[in-house]
Amino acid sequence: MAQAKIRLYLDQPLAAGQPLHLSQAQAQYLFAVMRLGLGDKLLVFNGQQGEWLAEVAEAAKRGGVLSPIAQTAPQQDPPDLWLLFAPIKKARTDFIVEKATELGAARIVPVQTDFTNSERIRQDRLQAHAVEAAEQCGGTFVPEVANLVPLSRLLDGWNPARRILWADESRLGVAATLADLAPGPWAVLVGPEGGFSAAERARLAALGFVTPVSLGPRILRADTAACAALTLWQAALGDWR
Ligand code: SAM
């Protein structure tokens, strides 16, 4: 019998004995790729009700049914931290979504800045990356990946109660002092390969809810910067303390 090492995200309510119906892709993954069969166990989660042990109750090529047995871990939501990032090349954008999920971002918002490299994203594909990352890292929460939104429009409607930690490449080498940051909802903002334009810099600098931060004395690639900024925030205010 297979051990319960496989973790699967299912967008369905979880309760003991409540049948979980598999899509064709999920059945293909479990039964053809992972070679699970009737009675085999796996772990499932739906992003809201923790993690559950479930067993295969029906297995077919085009579908199947899982039966939850018992909860194995409670729901654990990340802190209220969003990542705002300017999409870069495809593989690196995928990397950012994957790492932001692992590092504990609650929401991921791709933003179009003046120098954003790509004008389009596949939101569904990025959301699938977030699901996969949550399955791999043992998390019970899947961050929503929003559609691409222009930074200027996002700032127009921004709720100032959510502060923004702005990774500001012009502050190279300035000490990153996060000790004084107030707790509460936050977002981390990281720019594209070309950095922020002069107009964006001026606007961000004038907003009272924006705190610029340095990520050290070297210019980081945008994907590295996203990981570094999330890590700094998590260590100062998040669930790593
Ligand atoms: N082209 C820009 C330049 O030469 O100044 C660098 C842009 S950098 C590749 C991409 C983004 O990562 C920046 O917009 C910023 O948000 C963040 N970043 C990279 N290094 C940083 C640092 N040392 N401090 C703060 N932010 C940084």
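**Reading the model**

Guide: Methionine 34 sits in the loop between α1 (24-33) and β3 (41-45). Keep in mind that this is a predicted model.

Visitor: Is methionine 34 buried, partly exposed or exposed?

Guide: Burial is read from relative accessible area, with under 20% called buried, over 50% exposed, and partly exposed in between. Methionine 34 has 34% relative accessibility, so it counts as partly exposed.

Visitor: What should I look for in the backbone of arginine 35?

Guide: Most residues other than glycine have a negative phi. Arginine 35 has a positive phi, near 60°, and is not a glycine. This residue lies in the loop between α1 and β3. Its relative accessibility is 64%, so arginine 35 counts as exposed.

Visitor: What does valine 190 touch?

Guide: Leaving out residues up to four places away in sequence, valine 190 touches Leu83, Leu84, Phe85, Ala86 and Ala167, and also Phe196, Ala222, Ala225, Ala226 and Ala229.

Visitor: Which way do the side chains of β11 point?

Guide: In a regular strand the side chains alternate between the two faces of the sheet. In β11, Trp186, Val188 and Val190 point one way, while Ala187 and Leu189 point the other way. Five of the five residues of β11 are buried, so the strand is mostly covered under the cut-off of under 20% relative accessible area.

Visitor: In which sense does β11 pair with β6, parallel or antiparallel?

Guide: The β6 and β11 pairing is parallel and runs over five bridges. In that pairing, tryptophan 82 stands opposite alanine 187 in β11. Strand β10 also pairs with β11 in the parallel sense, over four bridges. There, isoleucine 164 stands opposite alanine 187.

Visitor: Turning to a helix, is threonine 93 buried or exposed?

Guide: Threonine 93 is in helix α2. Its relative accessible area is 5%, so threonine 93 is buried.

Visitor: How many salt bridges does the structure hold?

Guide: There are twelve salt bridges in the structure. One of them joins the side chains of arginine 203 and aspartate 156, at 2.8 Å from N to O. Arginine 203 is in helix α5 (residues 198-206) and aspartate 156 in helix α4 (residues 151-156), so this pair ties together parts 47 residues apart in sequence. Arginine 203 is partly exposed at 31% relative accessibility, whereas aspartate 156 is exposed at 58%.

Visitor: What does aspartate 168 form a salt bridge with?

Guide: Its partner is arginine 201, and the closest N and O atoms are 2.4 Å apart. Aspartate 168 lies in the loop between β10 and β11 and arginine 201 in helix α5, so the bridge ties together parts 33 residues apart in sequence. Both ends count as buried: aspartate 168 has 7% relative accessibility and arginine 201 has 19%.

Visitor: How exposed is glutamate 169, and which side chain does it meet in a salt bridge?

Guide: Glutamate 169 also meets arginine 201, at 3.6 Å from N to O. Glutamate 169 is in the loop between β10 and β11, so its bridge to helix α5 ties together parts 32 residues apart in sequence. With a relative accessible area of 32%, glutamate 169 is partly exposed.

Visitor: Which residues are linked in a network of salt bridges?

Guide: Glu98, Lys99 and Glu102 are linked in such a network.

Notes:
Residues are numbered from 1 along each chain as its sequence is written. This is a predicted model: local features need pLDDT of at least 70, side-chain atom pairs count only at pLDDT 80 or more; totals for chains, interfaces and linings use all residues. Side-chain values use heavy atoms; hydrogens and water are left out. Helices (H or I, at least four residues) and strands (E, at least two) are DSSP runs, numbered from the N terminus. Buried means under 20% relative accessible area, exposed over 50%, partly exposed in between (1.4 Å probe, protein chains only). Contact means heavy atoms within 4.5 Å. Two strands pair if DSSP finds at least two bridges between them. A salt bridge is a side-chain nitrogen of Lys or Arg within 4 Å of a carboxyl oxygen of Asp or Glu.
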